[in-house]
Amino acid sequence: MEDDYSNGDTNVETSKADRSVWLMKCPPVVSKAWHAASASAAADSPPVAKVVVSLDLLQSDDSAAHQFTMEMAGSDVVNMPKSYSLNMSKDFVPMGIFSESNQARVAMEGKVEHKFDMKPHHANIEEYRKMCRERTNKSMVKNRQIQVINNDRGVHMRPMPGMMGLITSTSKDKKKPAPVKGSDVKRTRRDRGELEDIMFKLFERQPNWTLKQLVQETDQPAQFLKEILNELCVYNKRGTNQGTYELKPEYKKSVEDTGAEQ
């Protein structure tokens, strides 16, 4: 970052710093659809979505009286829900929005006033379940390839020079390297959609899992796994399944339908 701005303008444009903006967290399928639309959009292209605000006049002084719904425009994604509920929250860390132009000029676009979590509307939940089933089944297909080596001399199969000494010098007396503890291993995050598919398959196998079990099964960072679990599952704080996660009711039916189809 320092090299990029060492010879350029390091000033930040703040004329819009006091402008109120909304921050929205949307599902990956919606984000991909918007990116595809913006990449092929013309100058006079129609909007990709619209927000509908419903107001309860009996509770006009209460923020809960406002109900936000987003309606998507046309999309090429099959079974993609067209209507989404926007759950608004004001209890979040103060944040600002910044932009960077092609000329490396940085500007502050405003401060976040409202934060929204975007979820499929109850009227489209069946379409979303069907899309989840199709995505899960697609992720289970293994694309394997067979490559023919056109080298009858077997060059690729012979040990390279200097490797024979390393192979023959192996001795039973040598100490085996100490196994690396699980907590010391740096786990790499999977794609969010791919991890959700794996989670659905695991909960299809059994209904309740602890966080430690899921970390071992998925080999994912615990913090990243918690983010997915907070969206898909409920945590049992008491009862016979205390300390475990289980799917939310709307996702349970999706997993049960998938198992029935198979």
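Predicted model: local features only at pLDDT ≥ 70, side-chain atom pairs only at ≥ 80, totals over all residues.
Local features here need pLDDT of at least 70 and side-chain atom pairs count only at pLDDT 80 or more, while totals for chains, interfaces and linings use all residues. Residues are numbered from 1 along each chain as its sequence is written, and side-chain values use heavy atoms, with hydrogens and water left out.

Let's start with two helices. Helices (H or I, at least four residues) and strands (E, at least two) are DSSP runs, numbered from the N terminus. Helix H3 (residues 125-139) and helix H5 (residues 192-205) have axes that come within 9 Å and cross at roughly 95°. That makes H3 roughly perpendicular to H5; angles of 65 to 115 degrees get this label, under 35 is roughly parallel, over 145 roughly antiparallel, and the rest oblique. The axes are lines fitted to C-alpha atoms, for helices over the stretch in contact, and the angles run from 0 to 180 degrees between N-to-C directions. On the H3 side the contact (heavy atoms within 4.5 Å) is made by Arg 135, Thr 136 and Ser 139, and on the H5 side by Gly 193, Glu 196, Asp 197, Phe 200 and Lys 201. These residues divide into one nonpolar, three polar and four charged. In this scheme Ala, Val, Leu, Ile, Met, Phe, Trp, Tyr, Cys and Pro count as nonpolar, Asp, Glu, Lys and Arg as charged, and the others, Gly among them, as polar.

Phe 200 leads us on to the aromatic rings. The structure holds five aromatic pairs, where rings of Phe, Tyr and Trp (its six-membered ring) pair if their centres lie within 6.5 Å, with planes under 30 degrees apart called stacked, over 60 edge-to-face and the rest tilted. Phe 200 and Tyr 251 form a tilted pair, 5.8 Å centre to centre with 45° between the planes. Phe 200 sits in H5 and Tyr 251 in helix H8 (residues 249-261), so the pair ties together parts that are 51 residues apart in sequence. Phe 200 is buried at 4% relative accessibility, and Tyr 251 is buried with a relative accessible area of 14%; buried means under 20%, exposed over 50%, and partly exposed in between (1.4 Å probe, protein chains only).

Tyr 235 and Tyr 245 make another tilted pair, with 4.9 Å between centres and 55° between planes. Tyr 235 belongs to strand E8 (residues 233-235) and Tyr 245 to strand E9 (residues 245-247), so this pair joins parts 10 residues apart in sequence. Tyr 235 is partly exposed at 43% relative accessibility, whereas Tyr 245 is buried at 10%. Elsewhere, ring pairs link Trp 22, Phe 68 and Phe 116 into a cluster.

Now for the core. The largest nonpolar core has 31 residues, and Met 199, Phe 203, Leu 214 and Leu 232 have the most contacts inside it. Such a core is a set of buried Ala, Val, Leu, Ile, Met, Phe, Trp, Tyr and Cys residues joined through side-chain atoms within 4.5 Å. Not counting residues up to four places away in sequence, Met 199 touches Leu 214, Thr 218, Leu 225, Ile 228, Leu 229 and Leu 232.

Finally, Glu 231 is found in helix H7 (residues 222-232) and is partly exposed at 26% relative accessibility. Leaving aside neighbours within four places in sequence, Glu 231 is in contact with Lys 25, Arg 192, Glu 196, Lys 248 and Tyr 251.
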